[in-house]
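Let's take a look at how this chain is put together. Here are its sequence and its structure.

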Amino acid sequence: MTLADAHPGWTRECHTHLGPAVSLSTVGDLAVPEVDQHGVLAVFVPFAFTPTCHAEVGELSASREVLEGAGIACTIISCDSKFTQAAWVETAGSAWPLMSDFWPHGALSRDFGVFDEQSGMAVRGTFALNMNGQIVDSEVLQPGQKRDFTERGLARWIDALTT
């Protein structure tokens, strides 16, 4: 794979808590259909209903206008089933689609190198993909670390996808 190639996970379909199966290449049509898109922020989280994941989803939801204004769609990906994700959205709320990497279990997480085989979950990984499916920036954190998805923290990702 060269830098000019689309990432292999760009077209892998996963179900969402909203029902339809989408891929990273089409999630923007579901998330921000009216926006001229520059790319997708793919945010991998370990599990629904955990305090850190809950905080990150809250920040991403609160920052929707900032990302949307920059032409960036966002999706949150976990290895939970779409039913667990739907229940999580009811309690935690999310302004963005949640993609279920439940079956084949962890396939999309493996594509991005963030699947932890021992725990059966994705580690915290963030990937900025342009509209050609190329990763233009990424970050993978150790367990227990929280990402900053406030407007200040999102500046890095917006810059990567808009410049």
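## Around Asn 132

Asn 132 touches Ala 6 and Trp 10 (contact means heavy atoms within 4.5 Å), leaving aside residues up to four places away in sequence. You'll find Asn 132 in the loop between β8 (125-130) and β9 (135-140); strands here are DSSP E runs of at least two residues, helices are H or I runs of at least four, and both are numbered from the N terminus. Asn 132 is exposed, with a relative accessible area of 54% (exposed is over 50%, buried under 20%, partly exposed in between, using a 1.4 Å probe and protein chains only).

Keep in mind that this is a predicted model, where local features need pLDDT of at least 70 and side-chain atom pairs 80 or more, while totals for chains, interfaces and linings use all residues. Residues are numbered from 1 along each chain as its sequence is written, and side-chain values use heavy atoms, without hydrogens or water.

## The sheet

Seven strands make an open sheet with mixed pairing, in the order β2-β1-β5-β4-β3-β8-β9. Its edge strands, β2 (21-22) and β9, each pair on one side only; pairing takes at least two DSSP bridges. β3 and β8 run antiparallel over six bridges, and Gly 39 sits opposite Asn 130 in β8.

## The cores

The largest nonpolar core has 22 residues, and Leu 41, Leu 60, Leu 67 and Leu 154 touch the most other members. Such a core is a set of buried Ala, Val, Leu, Ile, Met, Phe, Trp, Tyr and Cys residues joined through side-chain atoms within 4.5 Å. α6 gives the most, with four residues.
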